[in-house]
Amino acid sequence: MKQESLLDTISSQRWLKTAGDALQPAVLNAFAAGGTTGKRLKNVLHGTWLGFPLHPALTDVPVGSWTTAAVLDGMELLGEKKYAPGADAAVAVGLAGAVGAALTGLTDWTGTTGKRRKAGLLHGLLNTTAAALYATSLFLRRRKETRGAGIGLSMLGYGIMTYSAHLGGHLVYRMQTGVDHTATSETPPKDFVAVLPEKELAENTMRCVKAGEVNVLLARKDGKLFALHHTCSHQGGPLSEGDLLDDCRVRCPWHGSVFSLEDGSVVDGPATESQPTFEVRTHDGQIEVRPAKAGKA
Ligand code: FES
């Protein structure tokens, strides 16, 4: 199926919206019920501590293990019985990895909306189906009479997992889920440029200004000036429309990621990539910015 037709077909499924409307708040409420611990756990599962999403790395475990199992199952079916224990172990390792992939994927999914949320939910449901087939397979493999059926279920699970992995590729490469939205080709200024008259930025306010081709968030908080890339690294939300928080932080209006104004680091996910920072100064009544030397602007 063409990429556009696949995404259009998924987008037209109303049941995915209904299911998402019910499930997403339930997951977010479960994290919120855990208070500070729940928030920390959510950040760990997003991969905020790594600086990139944890989910894609963990998905390699079930994909690799179940591919190994498929090869060893094939050898067994060709009469090489000695490969059977290895195949069973690979199925078990894949199931353990699938738990981690599911938890991180479900957490990342809470930070999606619209088409991304529908495609993400379908991706998760397919993977859950594949994992259930592999779990049943592992049970059936223990007895000689049911081993053949168990291997058959593995093959079915492998097909579903492969299609779901393909859908995961759409989510990343076509829908730009989990990529750094500040990594654009816009050219920042090479040196300080005036972006706003100083008197136009009051204490406790934020503005979006242009520096070269880049949109920059200007903020004045606790008597200090700050400048970050205006586009949220998570999915491109406009930071100046978010909340200016105590302790010199800003919250994105779209999915609630919180960034430090001091160094652009992620305080709370779903974002995992920090915001590029700009040096900021005042000169002749103007606020001027340029990319921070150690930053990625
Ligand atoms: S766009 Fe999702 S938190 Fe900013």
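What you're looking at is a predicted model. The chain holds 7 helices and 10 strands, and its C-alpha trace spans about 85 × 40 × 35 Å along the principal axes. Below is a quick tour, topic by topic.

**The chain as a whole**

- Of the 297 residues in the chain, 36% are buried.
- Take the contacts with a separation of 6 or more: 56% of them link residues 24 or more positions apart.

**The sheet with β9 and β10**

- β1, β10 and β9, in that order, make up an open sheet of 3 strands with antiparallel pairing.
- At the edges sit β1 (193-197) and β9, and each of these pairs on one side only.
- On average, neighbouring strands in this sheet are turned by 30° against each other, direction ignored.

**Strand β3 and its two partners**

- How many of the 8 residues of strand β3 are buried? The count is 7, so β3 (residues 214-221) is largely enclosed by the rest of the structure.
- One partner is strand β2 (residues 205-211), which pairs with β3 in the antiparallel sense over 7 bridges.
- Within that pairing, R207 stands opposite L218 in β3.
- β2 and β3 form a hairpin with 2 residues between them, and G212 in the turn has a positive phi of about 65°.
- The other partner is strand β4 (residues 224-229), again antiparallel to β3, over 6 bridges.
- Here K221 stands opposite K224 in β4.
- β3 and β4 make a hairpin too, with 2 residues between the strands, and D222 takes a positive phi near 55° there.

**The nonpolar cores**

- Which members of the largest nonpolar core touch the most other members? They are V216, L217, L218, A227 and L228, out of 24 residues in that core.
- The elements giving two or more residues to this core are β2, β3, β4, β9 (278-283) and β10 (286-291).
- β3 supplies the largest share of this core, with 5 residues.
- Apart from this core lies another one, of 19 residues, with L72, A101, A131 and L133 among them.
- Back to L228 for a closer look: leaving out residues up to four places away in sequence, L228 touches L217, L239, F259, L261, G264, Q275, P276, T277 and F278.

**The helix pair α5 and α6**

- Helix α5 (residues 84-109) packs with helix α6 (residues 114-140) at an angle of about 155°, and their axes are 10 Å apart.
- Angles over 145 degrees count as roughly antiparallel, and that makes α5 roughly antiparallel to α6.
- The crossing of α5 past α6 is left-handed.
- On the α5 side, the contact is made by D88, V91, A92, G94, L95, A98, A102, G105, L106 and W109.
- On the α6 side, the contact residues include R117, G120, L121, G124, N127, T128, A131 and Y134.

Terms used
Residues numbered from 1 in each chain as written. Predicted model: local features only at pLDDT ≥ 70, side-chain atom pairs only at ≥ 80, totals over all residues. Buried ≥ 20, exposed ≤ 12 C-beta atoms within 10 Å, placed from the backbone. Helix = DSSP H or I, 4+ residues; strand = E, 2+ residues; numbered from the N terminus. Pairing = 2+ DSSP bridges. Core = buried A, V, L, I, M, F, W, Y, C linked by C-beta atoms within 7 Å. Contact = placed C-beta atoms within 7 Å. Axes fitted to C-alpha atoms, helices over the stretch in contact; angles between N-to-C directions. Parallel < 35°, antiparallel > 145°, perpendicular 65-115°, else oblique. Left-handed = near helix turned anticlockwise from the far one by under 90°.
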